[in-house]
Amino acid sequence: MPPFRIISFGLLLITLAVNIAMPLFRVYAAEAGLNNGQTALVLAAYITGMLPCYIFLGGISDKVGRKPILIISVLCSFFATLLLTLFPTVTALVFARMLQGVALALSMGTGTAYLAEVLQHEKMAATKAANLASLSTAIGFSGGALATTLYLLFDFNLVPPTYYLLLGVTVVGLILLFTLPNPKPIGGNIIRLPYFPKGSFPVNMAIAICWAVTGIVIAIIPTQLAKFNLTPYAGFCLVLINWTGAFLQPFIRQNDPKRSVRIGYILVPVGFGLVILGCFLALLPVILVGTAIIGLAAYGYSYVGGLALIANYGGQQRARAVSGYLFFGYIGFGIPAVFLGYLSDQVGIVNALLVFEVVIVVLTVYLMRVFRR
């Protein structure tokens with residue numbers, strides 16, 4: 001198998017593990033007697049594993065080499081899935097999420113750089129590497145959730161066969177990873193702090209809002225679906241969020257980046273508004289349409305346009321500027337969901353979502369004015 005396919009497969013395995021148990025998150029939490037806020041806090045353990053590695057170990061694969069770091073990342077995702085397979089409880093979920101965060105933080109930059117190195121003799125190697133990494137992770141983030149969702153529709157089980165299947169496939173992936181070439185490390189500092197260039201704030205905030213809505217859909221919407229006996233369908237929400245934007249990325253890249261970011265600003269409150277309406281009326285199709293529209297921004301227009309702008313703003317500090325962009329995104333993914341989870345315990349899920357919709361609209365109006373200037 002060509003090296004670029006093995007590396008892409010490794011990234012796919014890591015992202016499959018991240019959400020393989022997503023349709024059962026709320027079930028594990030409910031068995032432990034956790035409320036919405038506590039459930040969101042459990043899911044935010046993902047961020048506690050990710051951010052320290054992402055900020056302080058950003059240059060580790062430059063220092064020690066791509067291959068060992070990618071193997072360590074896949075091992076972390078393997079042990080995360082193994083934990084949930086052996087102990088399908090919310091306590092195991094906390095540690096699994098931390099391991100998944102570490103795996104993702106170490107692998108994203110490493111995998112993309114590794115792909116660029118093994119493809120260096122091809123035309124537009126960097127672009128092809130970025131596209132392969134983006135496609136692999138987009139399929140992985142929701143592919144695991146989709147597989148578990150489809151099984152749960154036929155047989156509800158706290159340890160679905162998809163866990164065992166992923167463990168077996170990951171072992172195969174690890175064997176393949178050991179056959180990869182091991183390019184000489186390029187050297188540099190292990191610590192690579194994010195950089196926030198002038199003009200980046202409205203763009204960074206755009207991805208923070210997008211991914212905040214994504215985190216809320218993962219952490220809170222399954223509880224609302226459970227009220228309508230629709231728990232197994234939670235995975236479809238994640239699939240639509242990831243795939244609608246990701247598979248349109250080739251088309252979106254042809255747009256002016258500023259125009260793409262502006263479109264993203266509009267899509268998020270519209271999509272989230274439909275999710276709220278679907279939750280209020282108990283209409284699954286409306287919720288799914290809303291999540292698809294959110295996905296167009298979160299992994300499509302806002303993400304692609306924002307990434308291009310930040311890379312341009314960053315100049316020679318492009319890599320650190322992109323790290324700053326993703327830093328905003330991951331903070332958005334984890335923190336708002338926790339606050340909204342606790343708020344929903346006090347005022348109800350739909351009311352809490354409405355509060356956040358107002359916040360989104362106000363922020364969007366403000367950011368669009370700043371962005372225009």
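This is a predicted model: local features need pLDDT of at least 70, side-chain atom pairs count only at pLDDT 80 or more; totals for chains, interfaces and linings use all residues.
Residues are numbered from 1 along each chain as its sequence is written, and side-chain values use heavy atoms, with hydrogens and water left out. Local features need pLDDT of at least 70 and side-chain atom pairs count only at pLDDT 80 or more, whereas totals for chains, interfaces and linings use all residues.

Aromatic pairs were searched for across the whole structure, and 10 were found. Rings of Phe, Tyr and Trp (its six-membered ring) pair if their centres lie within 6.5 Å; planes under 30 degrees apart count as stacked, over 60 as edge-to-face and the rest as tilted. F196 and F328 form an edge-to-face pair, because their ring centres are 5.6 Å apart and their planes stand at 75°. F196 sits in the loop between α9 (161-177) and α10 (201-219), and F328 in helix α16 (residues 318-347), so the pair ties together parts that are 132 residues apart in sequence. Helices here are DSSP runs (H or I, at least four residues), numbered from the N terminus. F196 is partly exposed, at a relative accessible area of 40%. Buried means under 20% relative accessible area, exposed over 50%, and partly exposed in between (1.4 Å probe, protein chains only). Elsewhere, ring pairs join W211, Y299, Y303, Y325 and Y330 into a cluster.

W211 also belongs to the largest nonpolar core, which has 121 residues. Such a core is a set of buried Ala, Val, Leu, Ile, Met, Phe, Trp, Tyr and Cys residues joined through side-chain atoms within 4.5 Å. W211, F272 and L353 have the most contacts inside this core. Residues up to four places away in sequence aside, F272 touches V213, I216, I294, L353, F356, E357 and I360. Contact means heavy atoms within 4.5 Å.

Helix α17 (residues 349-372) has 24 residues, which at 1.5 Å a residue should span 34 Å; its end C-alpha atoms are 34 Å apart, in agreement. The expected span is 1.5 Å times one less than the number of residues. Buried residues of α17 include L353, F356, E357 and I360.

T291 lies in helix α15 (residues 284-314). T291 is buried, with a relative accessible area of 0%. Beyond its neighbours within four places in sequence, T291 contacts V217, C237, L240, I241 and V275.

The disulfide count is zero, a disulfide being a pair of cysteine sulfur atoms within 2.5 Å. The sulfur of C53 is 8.0 Å from the closest cysteine sulfur, in C76, too far for a bond. C53 is buried at 12% relative accessibility. C279 is buried too, with a relative accessible area of 1%.

Methods
Helices (H or I, at least four residues) and strands (E, at least two) are DSSP runs, numbered from the N terminus.
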